[in-house]
Structures are given as C-alpha cells and as structure tokens.
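Here is a short report on one protein model. Look at the structure first, then read on.

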Amino acid sequence: MTITQEAEFCIDLHCHSTASDGALPPEELVQRAREKGVTHLALTDHDTIAGLGDAETAAAAVGISLVAGTELSCVWRSHTIHIVGLDFDTANPGLNAALVRQNDNRWRRARTIAEKLGKLKIEDMVEKATIKAGGDVPGRPHFARVLVDEGVVKDSAQAFKRYLGTGKAGDVKGFWPSLEEVVKWITDAGGIAVLAHPRKYKLTATRLRSLTSDFRQAGGRAIEVSTSGQSSGDLGFLAELCRRENLLASQGSDFHFPGAPWCELGSIMKMPDGLEPVWHHFRKPVGVTAPV
Ligand code: MN
Ligand code: MN
Ligand code: MN
C-alpha cells in the first residue's frame, strides 16, 4: 500500500449537532465544515445516530465524505468515559437497540435528579429542564438554568453549589454501561472504537495507561491524539501512549457551537509523525491507495 500526500485532506472525526448537544442542525454543521475546508467529517452525537441521515444528504451535496459516528458514555472504575464509534454499519440491530437503552439511561437520570429536587419542594423540574434542553434529555446545566429562572438561586454556580454539585441532592451519576460493553457494541457493528479526549478525564498518567490498556483489551482500536483545547505537551504525551499501546491515532475538534475560537471544525493540531491514522483503516480507507 502506498500513502498519498495527506496535506490535501482535512479530517475531523468528532463533532456534535442538534441531534445531541450541538448548536447547529446536521445540514448547517456540514455546511460549516465545508467552509472550514474539512474534506472528511464524522458526526459523533452523544448516544445517538439520529443526525446522520441529514448529515449524509448535506455532505453529498457539498462534496464532503461523511463517516458514520457516535459518542457513547460508559463507566470505567467509577469514571464516566466517552467512546467514539466510527465507520460502523448504521443499520446494525444490536447497536440500534443499545442506542435506545443509552437514551433511556439519560432520561432515567434526569427523572432521578428531578425527584430528588422534588423532595426539596422544587417541583416539575423534568418538564421545565426539558424545555431548556430544546426537547432533548436535560442534563445538570439545564436544571441549573431552571433554578436560576425560578429565582431559587442567583446564578448557575450557586445552583451547583447548593443543589447539583458533588454531594448535593441533584448529584446523580449517569446509569452508564461498562467500557467493555460499549466497545463491543461498536465493534460488533463493524466499527472502530476510539477513546475520546483522553486528557479530559483528569486521570493520572498511570491510571490513563490502565484505562488505555483495558480499552485495548476490550477491543478498542484507536485513541484521539489530537483534539481541541489541549497543549502540545498533551499531544506528545498522547502520541507516546498511542505508540506504546499499539493503537491507531484519531483526531477531532469536538465542535459543539460557533463562536468558540479554540474549538472549530477542522482546526486541530497536526498529529506527530510515526502514528498510524485511524482513517487508513476505514472500510473505504482515506489516503491509502491499493497497489495496482
Ligand atoms: Mn457534548
Ligand atoms: Mn466527550
Ligand atoms: Mn464530544
């Protein structure tokens, strides 16, 4: 196999639309990616693939290659970890059933938070917080906004300090499946499991190495080496981790909304040399041509 010049590509394998907590509908997201020079995009909404159909239509219209994606929450040693799935079969029944369960888990958590606040005589919180979340499953930031609106607290910081932060009534952990289960859903659907933004979990280097090793043993194949908002030190550390664990390297902006200059579609630090890019292993490999 020969590797063609990759400078001609701009590859972003992590971003969000209104199908989860992003600000732009899938079509507008793809349009923006095109404007930013992205040639290959994976839309990776949290625990859903509902945006992929619209994104695919828009991508075909503007000439971007869309890669199937999602970002799944799971638990590893009591830490909530995010696993990005790439290039899977979107019709896979097992994965689709799992996504329904993930969504149920989100609602179950939202209702538990609301029940706990209800015991403190703060009523109807699921309904109100759902409106804040634009009809989607509300998370703690949405509950905080309702508490501010209702005059229960003066600002979001106070909402967390009194009601939603660590150890308070609304501090309800997600009901997520194990790392092993989530990796299996992705690989059984023919996809590649990627450990998302490894520096965001605030783990020590030793624990991050155990996480990466467990992830690989579960069938995980890649880690995000380059993502937004990390230092060149982080980049070097993750590149080393990637080599040591013999994993493929992925990259993505984790774009959620316009107006954050530190997080823009297609704007990612170049990965260090000597890593094997995950996109060489897609079903339709990018940047690799088979010998004739
Ligand atoms: Mn998000
Ligand atoms: Mn994430
Ligand atoms: Mn994300």
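How far apart do the C-alpha centres of domain 1 and domain 2 lie? They lie 29 Å apart. This is a predicted model, so keep that in mind throughout. Domain 1 is made of two stretches, 11-99 and 183-281. Domain 2 covers 118-169.

| Ion | Donor residues (atoms) | Distances | Spacing along the chain |
|---|---|---|---|
| manganese ion (ligand 1) | D21 (OD), H46 (NE2), H256 (NE2) | 2.1 to 2.2 Å | D-x24-H-x209-H |
| manganese ion (ligand 2) | E71 (OE), H82 (ND1), H197 (NE2) | 2.1 to 2.2 Å | E-x10-H-x114-H |

Take the manganese ion (ligand 1). Its donors include D21 and H46. This pair links distant parts of the chain, 25 residues apart. D21 sits in the loop between β2 (11-12) and α1 (26-35). H46 sits in the loop between β3 (40-42) and α2 (52-62).

Is H46 buried or exposed? H46 has a relative accessibility of 15%, so it counts as buried, because the cut-off for buried is under 20%. D21 has a relative accessible area of 44% and is therefore partly exposed. That class lies between the buried cut-off and the exposed one, which is over 50%.

Now take the manganese ion (ligand 2). E71 and H197 are among its donors. E71 lies in strand β5 (residues 69-76), while H197 lies in the loop between β7 (192-195) and α8 (205-217). The pair therefore ties together parts that are 126 residues apart in sequence. Both E71 and H197 are buried.

H14 is found in the loop between β2 and α1. D21 is in that loop too. H14 has a relative accessible area of 0%, so it is buried. Which residues does H14 touch, leaving aside those up to four places away in sequence? Among them are A42, T44, V84, A196, E224 and F255. H14 also touches E71 and H197.

Helix α3 brings W107, A110, R111, A114 and L117 to the contact. Helix α4 brings M125, V126 and T130. By class, the contact has 6 nonpolar residues, 1 polar and 1 charged.

The second pair is α5 (residues 140-149) and α6 (residues 156-164). Their axes are 9 Å apart, and the helices pack at an angle of about 105°. That angle makes α5 roughly perpendicular to α6, because 65 to 115 degrees counts as roughly perpendicular. From α5, the contact uses R140, P141, F143, A144, L147 and V148. From α6, it uses S156, A159, F160, Y163 and L164. These residues divide into 9 nonpolar, 1 polar and 1 charged.

Notes: Residues are numbered from 1 along each chain as its sequence is written. Chains are lettered from A and ligands numbered from 1 in the order in which they are written. This is a predicted model: local features need pLDDT of at least 70, side-chain atom pairs count only at pLDDT 80 or more; totals for chains, interfaces and linings use all residues. Side-chain values use heavy atoms; hydrogens and water are left out. Donors are N, O and S atoms within 2.8 Å of the metal (3.2 Å for Na, K and Ca); water is not among the atoms, so sites may look incomplete. Helices (H or I, at least four residues) and strands (E, at least two) are DSSP runs, numbered from the N terminus. Buried means under 20% relative accessible area, exposed over 50%, partly exposed in between (1.4 Å probe, protein chains only). Contact means heavy atoms within 4.5 Å. Ala, Val, Leu, Ile, Met, Phe, Trp, Tyr, Cys and Pro count as nonpolar, Asp, Glu, Lys and Arg as charged, and the others, Gly among them, as polar. Domain bounds come from an automatic or database domain assignment. Axes are lines fitted to C-alpha atoms, for helices over the stretch in contact, and angles run from 0 to 180 degrees between N-to-C directions. Angles under 35 degrees count as roughly parallel, over 145 as roughly antiparallel, 65 to 115 as roughly perpendicular and the rest as oblique.
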